[in-house]
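This briefing is meant for a reader who is meeting the structure for the first time.

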Amino acid sequence: MNLNPQNFAAAINQLCDEKKIDASTVFEAVEEAIKAAYRKDFGNRDQNLEVILDRATGKANVLLVRKIVEKVENPQAEISVEDAQQIKKGLKVGAKIKIDVTPPDYGRIASQSAKQVIIQKIQDAERQAIYAEYTDREDELLNALVHRVDGRFVHLELDRTTAVLEPRDQIPRERYQQGQRVKVYLEKVELTSRGAVLKVSRAHPRLIFRLMELEIPEVRNGTVVVKAIARDAGVRCKLVVDSIDSNVDPVGACVGQRGVRIQNITDEVNGERIDVIEFSDDFETMLKEVLSPAKLDHFVKHDDEKRVEVYVAEDQRALAIGKSGQNVRLAGEILGWDIDILNTAELSGEVEVEENEKLKTKNEKTDSEKEKDDDKKDSKKSEKIVAEKVDEKNSEKAAENSDKKPEEKKNEK
């Protein structure tokens, strides 16, 4: 049987190049298709067939494989010794014989019968190839083209395949248009009966990390390490960074000169605010940083519950909690702790004692200063009395001198 011998090899090679699949897979699909076509038109499913396909010309021979036995019970798969000897001498029981059963002028009929099988096999091979390619690219950033927008679902074109951006994986309030180029995060690849299904997202926290790798060389080469990311897509993102090189400022490297690096990432995610925080081993320092811009007065840890009570002034509480609890929620995700925001006025126990001690110390200081002031006053009062006595004595002496007679004054001289 001959399947378009003139262009057979060229057609198969072209198909493999277009679909990026292994040529041997296609040839195997063709052989399987020929077997199925032969069984349908001339044989049955119990036959053990073998197809020899010339991969250069497309010429194929169909061989019926039978086992040599003394007594035939299944004529489709077995042959007697006597019948086998007539085909080829020297065969023994237990051996297998291959009989050429290729019908004359069967090429065109076989091609039509095998067409759908070939198409199906090639589609299966293409699906497997796509799955094998993209399953190794999970957790990567992909470039996509918006093919069409169907209600709240966005259909994307990727290299060799398509994907659907579902509503929960979109950035809120972001609008998509046909022909628009977007970057998406490949979260997972699944193989189904319809082929490889790619789950992509623009709301996943890892999208920010991959964008940072793209924009920031220090992150790409590993000098700056991203410790944690918490994200409310389209609104705000907090990320903690650290540097393995003491000469590299991790926050400065991420922000860039005049904020150009972080601004490029912000523009890519529809203006989402990104807070870059430097990592610290000190829990208190990290707590203050992740709850910024709110100022903390005091905190109480509950290690067994992984919960921390944070006390802030009344005017700082709204900042600490954030809009719809966003700030405290993202801070909790970063630390891995539950955070309760309380007013400083609600403090009790040790904190009150501490405040009382401070107040007592302040009062003692005030009393001491008062005593010093009283001492100064007494000293000044004493000095004033002494001065008054001196003045009084001088006045008395002056009066005595004025009462003396001129002769007495002259004698004194």
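## Overview

A search of the whole structure finds zero disulfides. The model is a predicted one, and its secondary structure comes to 13 helices and 15 strands.

**The protein as a whole**

- Of the 413 residues of the protein, 35% count as buried, and the accessible surface comes to about 26,000 Å², of which 45% belongs to carbon and sulfur atoms.
- Among the contacts in the protein with a separation of 6 or more, 60% are accounted for by residues 24 or more positions apart.

**Salt bridges**

- Side chains of opposite charge can pair when their charged atoms come close, and the count of salt bridges in this protein comes to 26.
- Arg 231 forms a salt bridge with Glu 272, in which the closest N and O atoms are 2.9 Å apart. Because Arg 231 lies in strand S10 (residues 224-232) and Glu 272 in the loop between helix H8 (260-268) and strand S12 (273-278), the pair ties together parts that are 41 residues apart in sequence. Both Arg 231 and Glu 272 are buried.
- Arg 329 forms a salt bridge with Asp 232, the closest N and O atoms being 3.1 Å apart. This pair links distant parts of the chain, with Arg 329 in helix H11 (residues 326-335) and Asp 232 in strand S10, 97 residues apart. Arg 329 has a relative accessible area of 36%, so it is partly exposed, and Asp 232, at 23% relative accessibility, also counts as partly exposed.
- Arg 168 forms a salt bridge with Glu 166, where the closest N and O atoms are 2.8 Å apart. Arg 168 counts as exposed because its relative accessibility is 61%, whereas Glu 166, at 27% relative accessibility, counts as partly exposed.
- A network of salt bridges links Glu 133, Arg 137, Glu 140 and Arg 160.

**Nonpolar cores**

- The largest nonpolar core has 22 residues, and those with the most contacts inside it are Leu 287, Val 290, Leu 291, Val 310, Leu 335, Ile 339 and Ile 341. The elements that give two or more residues to this core are helix H9 (283-290), strand S14 (307-312), H11 and strand S15 (338-343). Of these, H11 gives the most to the core, with five residues.
- Ile 341, one of the residues with the most contacts inside that core, is in contact with Leu 291, Val 310, Val 312, Arg 317, Ala 320, Ile 321 and Val 328, when its neighbours within four places in sequence are left aside.

**Arg 236 and its surroundings**

- Arg 236 is found in strand S11 (residues 236-243), and with a relative accessible area of 8% this arginine falls under the 20% limit and is therefore buried.
- A polar contact of 2.8 Å joins the side chain of Arg 236 to that of Asp 275.
- Leaving aside its neighbours within four places in sequence, Arg 236 is in contact with Arg 231, Glu 272, Arg 273, Asp 275, Ser 292, Pro 293, Gln 326, Asn 327 and Leu 330. Two of these contacts, Arg 231 and Glu 272, are themselves partners in the salt bridge described above.

**Ser 80 and its surroundings**

- Ser 80 lies in strand S3 (residues 78-80), and because its relative accessibility is 10% it counts as buried.
- The side chain of Ser 80 makes a polar contact of 3.1 Å with the side chain of Asp 83.
- If residues up to four places away in sequence are not counted, Ser 80 touches Ile 68, Val 69 and Val 72.

How values were computed
Residues numbered from 1 in each chain as written. Predicted model: local features only at pLDDT ≥ 70, side-chain atom pairs only at ≥ 80, totals over all residues. Heavy atoms only, no water. Helix = DSSP H or I, 4+ residues; strand = E, 2+ residues; numbered from the N terminus. Buried < 20%, exposed > 50% of the residue type's maximum accessible area, 1.4 Å probe, protein only. Polar contact = N/O pair within 3.5 Å; in protein donor to acceptor, adjacent residues only side chain to side chain. Contact = heavy atoms within 4.5 Å. Areas by Shrake-Rupley, 256 points an atom, 1.4 Å probe, with all protein chains shown as cover. Disulfide = S-S within 2.5 Å. Salt bridge = Lys/Arg side-chain N within 4 Å of Asp/Glu carboxyl O. Core = buried A, V, L, I, M, F, W, Y, C linked by side-chain atoms within 4.5 Å.
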